[in-house]
Amino acid sequence: QDYSRESIYVPFFESLFDKKTIVSASIVQSLYTTFGMSMYEQIALILCKEAGYFAKRQYDLLGEIDDGTEILIRNILDKPRNTKRDEIEEIRKGIKKGSAKKHSESVVDVFLRNNVSEIYIDIKTVKPNLDGFKGMRRKMLEWVALRLSQDRNAKIDVFIGIPYNPYFPEDYNRWTAKVCKKEDLLIQEELWKTFAGYDVFNELIDVFKEIGKEAKKEVDRLVDGK
């Protein structure tokens, strides 16, 4: 209902495509942006609430990373440990108590607390580049350090969330993800299962199909310029 084209004059594309195709593509691109910026997070909160979990989006994770742990994180990134759990426990062992303050990477897309642990998730585009994955991996280790600097005994886990698998039905095989461990990633069903407590992915898709049917007339109105 609030959609409006940011740019009207697109001479190169108007030379290739008709107006209806251009407007349709603009609407889709607008929704891609909206989903990436906030929609997935909002859906996650709804699912967590229904599951009885505490959850917040854009959560400020406060803490402080001492110099020794900064060096440890760099070493882990250079020479990854056997498992993510090994890395978390190594940080737990060496972290020093710190002040509760903001860090450059303090903001967590979705934080939830279930009956087992605290979970911190960074929801990303489905095809991050190599630098993106490297940055996210560092961020996850920093989140671990920040939280444990406040409570060394906290039961925590950290993940990169990929909303859907663009390679389905094949496994997710984005080459840039090779800098991550398999257990770093929650992809498609596993991501939404973490929020809902059960495999809810197909139900979500069914809901979106229903919304698509209801919204078709409104979308057609925008495309036709009526």
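Contact here means heavy atoms within 4.5 Å, and the views below show a predicted model.

**View 1. Helix α2 packed against helix α7.** In this view, K20, V23, S24, I27, F35, I43 and L47 of α2 meet L204, F208, V219, L222, V223 and D224 of α7. The residues of this contact comprise 10 nonpolar, one polar and two charged. Helix α2 spans residues 19–51 and helix α7 spans residues 201–224, and the two pack at an angle of about 145 degrees with their axes 13 Å apart. The crossing in which α2 passes α7 is right-handed.

**View 2. The buried residues of helix α4.** Within α4, which runs over residues 84–94, the buried residues are K84, E87, I88, I91 and R92. They lie on the same side of α4, because the arc they cover around the axis is only 140 degrees. The partners against which these buried residues pack are α3 (67–78), α5 (130–148) and β4.

**View 3. The surroundings of Y172.** Y172 belongs to the loop between β4 (156–162) and β5 (185–187), and this residue counts as buried because its relative accessible area is 15%, where buried means under 20%. Leaving aside residues up to four places away in sequence, Y172 touches V126, K127, P128, F133, I162, N165, P166, Y167, A177 and I187. For V126, the backbone oxygen lies 2.6 Å from a polar atom of the Y172 side chain.

Key
Residues are numbered from 1 along each chain as its sequence is written. This is a predicted model: local features need pLDDT of at least 70, side-chain atom pairs count only at pLDDT 80 or more; totals for chains, interfaces and linings use all residues. Side-chain values use heavy atoms; hydrogens and water are left out. Helices (H or I, at least four residues) and strands (E, at least two) are DSSP runs, numbered from the N terminus. Buried means under 20% relative accessible area, exposed over 50%, partly exposed in between (1.4 Å probe, protein chains only). A polar contact is a pair of N or O atoms within 3.5 Å; within protein, one must be able to donate a hydrogen and the other to accept it, and residues adjacent in sequence count only if both atoms are side-chain atoms. Axes are lines fitted to C-alpha atoms, for helices over the stretch in contact, and angles run from 0 to 180 degrees between N-to-C directions. A crossing is left-handed if the near helix is turned anticlockwise from the far one by less than a right angle, and right-handed if clockwise. Ala, Val, Leu, Ile, Met, Phe, Trp, Tyr, Cys and Pro count as nonpolar, Asp, Glu, Lys and Arg as charged, and the others, Gly among them, as polar. The arc is that of the directions from the helix axis to the C-beta atoms.
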